[in-house]
Amino acid sequence: MSSGTVTADQARTLIGERFSGSTVEGTTALTVTVTPDAWLPFATFAKETLGCRFFSFLSANDWKDEGLEVVAKVDNTDTNLAILVKSRLGAGVTTCASLVPVYRGANWMERECYDMFGIRFEGHPDLRRILLQDDWVGHPLLKSYSVDTPYPPYR
Amino acid sequence: MTTVSTTRQELDYAGSERLTMNMGPQHPSAHGVFRAILQLEGETVVGVDAVIGYLHRCHEKLAETLTYAQYPSIASKTDYVAAMTSEFAYVMAAETIGKIEVPKRAQYLRVITSELQRVASHLLWLGTWCLDMGGALGGGATIFLYCIREREDILDLFESLVGARLLYGFYQVGGVRYDIPDGWATKCRETVDLIDQRINEYQRMLEENPFFLVRTQGVGVISRELAEDVGISGPLLRGSGVAYDLRRATPYSSYEDFEFNIPVETAGDCFARYRVRMVEFRESLRIVRQALDKLPEGPISSRPGLKSVAQTRIPKGETYARIEGARGEVGCYLIADGSAKPYRMKWRGASFSNLAVLPHVIPGHKVADVVAIMGSVDPVFGEVDR
């Protein structure tokens with residue numbers, strides 16, 4: 001079985017065998033939840049074993065007291081296998097492994113994620129703000145940052 | 001009397017020193033506000049630092065404060081050159097979570113407007129790109145004016161359908177807002193036929209122009225491996241040899257009812273991306289014709305007349321809805337918490353990922369090629385910065 005021909009059912013089995021702490025949902029588009037320490041290994045596995053070479057996006061969700069969750073989406077453009085992978089970092093944790101060594105597309109996506117959520121991606125070659133200016137205070141997509149919070153320069 | 005120093009400082013032009021050149025944020029070839037800090041050795045670019053964010057309007061934060069009925073018209077302001085398709089991604093996400101059915105007629109109207117929008121967007125791309133490459137094409141303004149002329153016809157069609165020419169608010173959760181007026185289908189067919197003829201004319205004008213070929217062939221080559229790794233999509237990805245089109249890969253809105261081809265080029269250069277888009281023009285027009293022929297009767301929305309905020313609520317859920325926009329995969333990752341507003345919305349702008357490929361491609365090219373490469377990427381900064 002080459003990595004170009006993995007179907008959703010095969011992928012489900014492969015993920016279950018390789019990542020014991022993970023859960024898999026969905027039939028055609030899979031949603032996989034992994035532990036934070038499996039974040040980078042899973043990306044490598046998805047690219048090399050499942051043939052998901054297309055990097056769609058990376059972002060995060062703020063679940064308030066439960067902490068942050070990182071989300072990434074990768075596709076296999078030959079079999080149309082789509083994988084949305086998620087990982088809860090845990091309350092108060094703002095560090096995560098960078099996916100740049102695996103997917104070059106993660107570079108700008110992680111910069112945006114750092115900009116908006118303040119997540120520090122360890123191993124990112126150039127982690128700085130991308131959409132907001134360098135002296136911006138706060139990370140706007142956190143739920144604690146309300147729309148009308150008076151942060152400079154709009155104070 | 002002061003004496004003028006005649007000592008001249010000798011500069012070493014052996015190619016050992018680097019020049020930092022700033023391009024933008026206000027640069028005509030950027031088609032928006034984009035700054036590239038180029039490191040030059042002579043006239044060759046060796047490094048690029050792309051600076052974006054000048055047009056950032058907090059779309060994702062804004063979406064958390066607006067209801068499912070309010071946001072679609074704001075979504076059109078992400079990719080304002082292809083406003084129809086950006087609304088589409090958002091309403092599709094809300095419909096998926098809410099399990100809201102869309103009547104067949106509304107699905108067909110969505111297909112017609114999306115495909116006309118793709119043609120209008122590609123026309124603007126072709127016109128401005130040729131204008132960027134200017135001198136080589138005998139001024140370049142010829143193609144630009146021709147393309148704008150044809151784009152006007154499509155905008156006229158949208159105006160008579162929606163009442164707006166740039167930002168439409170045509171898509172609603174559950175359907176579309178307006179049905180086509182009397183005589184619209186006939187006018188649409190005439191426009192489609194006219195554009196179809198003129199595309200041939202442009203193709204001859206450009207492909208028989210050796211300057212155009214020199215400026216585009218072999219310039220800005222994106223390998224298949226790099227294309228997928230960075231996540232570029234749409235005509236760029238298909239120009240790099242990947243036959244991946246969401247209309248075929250994950251059909252939505254009845255795209256499976258229509259016959260169309262997916263053009264693929266393997267060279268990965270500016271010319272390949274141009275060729276892909278030239279075929280897409282015709283395929284889009286072909287889909288419009290088929291959809292007009294087969295347009296079913298029936299309602300245009302499954303949820304007419306929303307009168308209160310309570311009616312806009314959708315149940316708890318999470319989805320990633322994506323459509324094939326003019327520039328590639330436009331995606332909306334939506335988390336609903338059961339209220340009338342989303343808990344979280346992530347917008348995947350096709351142009352954001354498409355632009356992210358520039359730092360990998362530009363080094364090694366001349367400054368003049370930067371303009372040609374950037375134009376072939378067709379970024380819309382409303383969608384990059386969101």
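Which residues does B:R348 touch, not counting residues up to four places away in sequence? The legends below start with that view; please keep in mind that this is a predicted model.

**View 1. The surroundings of B:R348 include residues of chain A and chain B.** From chain A, B:R348 touches A:F54, A:F55, A:S56 and A:F57. From chain B, the residues in contact with B:R348 are B:G231, B:S233, B:Y320, B:E329, B:V330, B:G331 and B:S353. To find your place, look for strand 8 of chain B, which covers residues 342–348 and contains B:R348.

**View 2. B:R348 is buried and has no salt bridge.** Its nearest side chain of opposite charge belongs to B:E329, 4.0 Å away. Now turn to B:S353: its side chain and that of B:R348 are joined by a polar contact of 3.5 Å.

**View 3. B:C58 is a cysteine in no disulfide.** A search over all chains of the whole structure finds zero disulfides. For B:C58, the nearest cysteine sulfur is that of A:C113, 15 Å away. With a relative accessibility of 34%, B:C58 counts as partly exposed.

**View 4. B:C130 is a buried cysteine.** Here the relative accessible area is 0%. The closest cysteine sulfur to that of B:C130 lies in B:C147, at 6.8 Å, and is therefore too far for a bond; the cut-off for a disulfide is a pair of cysteine sulfur atoms within 2.5 Å.

How values were computed. Residues are numbered from 1 along each chain as its sequence is written. Chains are lettered from A and ligands numbered from 1 in the order in which they are written. This is a predicted model: local features need pLDDT of at least 70, side-chain atom pairs count only at pLDDT 80 or more; totals for chains, interfaces and linings use all residues. Side-chain values use heavy atoms; hydrogens and water are left out. Helices (H or I, at least four residues) and strands (E, at least two) are DSSP runs, numbered from the N terminus. Buried means under 20% relative accessible area, exposed over 50%, partly exposed in between (1.4 Å probe, protein chains only). Lys and Arg count as positive and Asp and Glu as negative; His and the chain ends are not counted. A polar contact is a pair of N or O atoms within 3.5 Å; within protein, one must be able to donate a hydrogen and the other to accept it, and residues adjacent in sequence count only if both atoms are side-chain atoms. Contact means heavy atoms within 4.5 Å.
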